[in-house]
Amino acid sequence: MNIASEEELVARLRAQDQRAITLLYRNYSAALYGVILRIVKQEELAEDVLQESFLKIWSAFASYDEQKGRLFTWMLNISRNLAIDKIRSKQYRVGSKTQPMENTVTHHMVSGDEIKPDHIGLQEMTEQLNPDQKVIIDLMYFNGFTQSEVAEELNIPLGTVKTRARMAIKFLSKLIK
Amino acid sequence: MNIQEYIESGVLELYAAGGLTPHQSAEVEQVAAQHPEVRAALDTCLRAMEAYALTHASAPRPELEDRILKQLQAASAVRQEETAPAGKVFPLDTFASAVPQANTSNRWWQIAAVVVLLISVASNVYLYTSLQETREELFSSRQNARQYALQVNRLEQQNVQSESLLGVLRNPQTLAVQLKGVAQHPQAQAIVFWNQGTKEVYFDPSGLPAAPAGKQYQLWALVNGKPVDAGVVTSTDSSLLRLKTVAEAQAFAVTLEQEGGSPVPTLEEMYVMGESSAR
């Protein structure tokens with residue numbers, strides 16, 4: 001989805017255009033669900049979180065400020081936070097820190113026709129992401145770890161966490177250019 | 001604060017990846033709001049993380065769409081009642097089929113391709129049909145033009161003929177020879193217009209009965225008692241026909257002969273005859 005259509009969608013949502021809700025769901029549900037599933041790792045729970053996410057997105061939409069970032073980022077953050085809250089609030093917390101990050105079920109659940117071809121290519125390329133760098137952004141993005149928690153978890157200096165996170169995102173930026 | 005150092009510190013990447021505490025995040029947002037370069041660098045990082053998130057995309061079960069949209073609709077209806085009581089609530093389902101799935105750009109392209117193809121096919125059919133119609137119109141126009149040309153031609157010819165016939169008749173040198181029906185054909189009659197100067201012979205066959213199929217009338221000039229072929233009467237409808245030039249004749253006679261004429265007259269089939277006053 002490009003910027004122009006995101007802007008249009010935001011405008012329509014602001015205008016309480018009911019059709020825009022369906023458009024919103026169809027545009028973003030797969031992306032949000034994929035991230036949520038990656039975090040909670042259970043489909044049933046992921047479906048509940050997706051539903052909560054959309055409700056929150058819709059109810060909090062008035063507080064969305066495009067000056068602070070894109071709609072997609074904002075929606076991703078809402079979904080991630082709800083999903084991360086979910087895994088922290090329960091017994092889920094137990095042992096989750098030592099759970100292996102790589103090759104979670106979601107990678108194999110991606111249905112080809114729901115993903116843009118350029119993202120399939122991107123997915124292949126992100127596999128070239130340095131594992132030392134990848135684990136850092138994965139711990140932050142999918143496990144909700146702060147930089148300090150990551151440093152503690154991996155037993156590396158805080159400066160290294162920063163450097164690796166920066167390199168990982170630089171690598172990703174180059175891929176989407 | 002050194003902006004460039006700030007951008008390169010890695011804090012923006014930590015923000016994008018979600019590795020900052022809420023307090024640290026608020027600080028980054030504040031700096032970004034003040035410095036466009038920071039805002040731009042932060043957006044680049046956020047874009048990268050959006051793309052990374054998308055690599056994990058996974059479509060939820062289709063049943064979920066209905067469930068979630070109904071919830072959103074209900075929530076939205078409540079909100080609309082609060083904010084705008086007169087507001088109209090449209091059922092989502094009505095629009096569901098009309099709203100395209102923009103998260104599958106593939107499908108967009110497919111739909112676009114099918115639409116373009118259909119438009120192309122339709123225009124081709126339309127253009128082909130139009131072409132056929134145009135061709136038919138052109139053909140019939142050409143036919144009509146040809147018909148008109150032929151008619152004009154015929155009229156011109158008739159006109160020329162009439163004028164020349166009038167000239168023949170008005171010519172003081174023209175001698176009219178009345179041919180009267182013989183005993184077997186008393187009703188038949190014909191006129192020979194014979195120009196004494198040019199020796200041209202014009203024949204008026206309108207008084208003759210129509211020639212039966214396979215037969216034609218033939219005019220004979222009687223020169224010193226001998227019949228000389230003066231031409232075959234191709235049509236009895238014409239008012240006047242130009243036949244062969246006759247240099248000398250004491251009388252004219254018409255017989256019915258085989259189509260194309262005969263070298264000698266069939267005397268039993270003589271229809272009309274008349275003496276010329278010319279010498």
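Ala17(B) touches Ile137(A), Met140(A), Tyr141(A), Ala165(A), Ile169(A) and Met49(B), leaving aside residues up to four places away in sequence. Contact here requires C-beta atoms, placed from the backbone, within 7 Å. The model is predicted: local features need pLDDT of at least 70, side-chain atom pairs count only at pLDDT 80 or more, and totals for chains, interfaces and linings use all residues. Residues are numbered from 1 along each chain as its sequence is written, while chains are lettered from A and ligands numbered from 1 in the order in which they are written.

The largest nonpolar core holds 68 residues. Such a core is a set of buried Ala, Val, Leu, Ile, Met, Phe, Trp, Tyr and Cys residues joined through C-beta atoms within 7 Å. A buried residue has 20 or more other C-beta atoms within 10 Å of its own. Ala17(B) is among the members touching the most others, as are Leu32(A), Ile36(A) and Ile169(A). Elements giving two or more residues include α2 (18-40) and α9 (158-176) of chain A, and α4 (36-54) and α5 (63-83) of chain B. The largest share, 15 residues, comes from α2(A). A second, separate core of 27 residues includes Val192(B), Ala230(B), Leu241(B) and Leu243(B).

Chain B has seven helices and eight strands, taken as DSSP runs (H or I, at least four residues; E, at least two). Of its 279 residues, 26% count as buried.

Chain A averages a pLDDT of 81, with 79% of the residues scoring at least 70. pLDDT is the predictor's confidence in each residue, from 0 to 100. Over residues 95-117 of chain A the pLDDT is below 50. Where pLDDT is low, the predicted coordinates should not be read in detail.

Note on methods: A residue is buried if 20 or more other C-beta atoms lie within 10 Å of its own, exposed if 12 or fewer, and partly exposed in between; C-beta atoms are placed from the backbone. Two residues are in contact if their C-beta atoms, placed from the backbone, lie within 7 Å.
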